[in-house]
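Open the model in a viewer, show the whole chain, and follow the stops below in order.

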Amino acid sequence: MTDKTADAAATMVANLKKNTGKSLDQWISLAKKTGAQKHGEIVKILKADHGLTHGYANLVAHSTLKSDAASMSETTDLVTAQYAGDKSALRPIYDAVIKAVTAFGQDVEIAPKKAYVSLRRNKQFALVQPSTKTRVDLGINLKNVAAGGRLEASGSFNAMVSHRVRLETGSDFNAEVKAWLKKAYEDS
């Protein structure tokens, strides 16, 4: 996190207390008590039931789920482990995907797991997984889109996505693949 980003986040946290009467920790506690497990669910509840603006609700949701920039450093070890050893040459492909999806909007949640990274908005729209030493699989949720060519049906790859695209080089992550990813993001 850059100093500028850290300063902006600190200002927003300070203004949260000033403007709502509750600290970030108090909002996180309240968000946890709702039982909501997904970013979009938390944002919706905080806006509807507690009158928070989208920006504050987003801040609280990210902080609750530890998907904010400060917490992300805690999960970078999962990504580092995924792209270690024989799979290290695949890391630039992962980095290109993350760069593309974070440009879609501030509501993108990047959630590293042990074997893959989930990409979510209101719900998961994609995932990135280093499946072999030579290939990253990009799982994408696309409604009403027929599989064909590079856009394969997910099959046994992962039941949480409808399609898969195999990425073996940086050039495989081209404009067509980015467009499929953007559509999945917009539909989520």
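This is a predicted model: local features need pLDDT of at least 70, side-chain atom pairs count only at pLDDT 80 or more; totals for chains, interfaces and linings use all residues.

Residues are numbered from 1 along each chain as its sequence is written, and side-chain values use heavy atoms, with hydrogens and water left out.

Colour next by secondary structure: there are seven helices and six strands, taken as DSSP runs (helices H or I, at least four residues; strands E, at least two) numbered from the N terminus.

Now select Leu119, Phe125, Leu138 and Leu181, the residues with the most contacts inside the largest nonpolar core, which has 30 residues; such a core is a set of buried Ala, Val, Leu, Ile, Met, Phe, Trp, Tyr and Cys residues joined through side-chain atoms within 4.5 Å, and buried means under 20% relative accessible area, with a 1.4 Å probe and protein chains only. Helix 6 gives the most to this core, with six residues. Apart from this core lies another, of 16 residues, including Ala31 and Leu59.

Finish at asparagine 158, in the loop between strand 5 (152-153) and strand 6 (163-167). Asparagine 158 counts as buried because its relative accessibility is 13%. A polar atom of the asparagine 158 side chain lies 2.7 Å from the backbone nitrogen of methionine 160.

Note on methods
Buried means under 20% relative accessible area, exposed over 50%, partly exposed in between (1.4 Å probe, protein chains only). A polar contact is a pair of N or O atoms within 3.5 Å; within protein, one must be able to donate a hydrogen and the other to accept it, and residues adjacent in sequence count only if both atoms are side-chain atoms.
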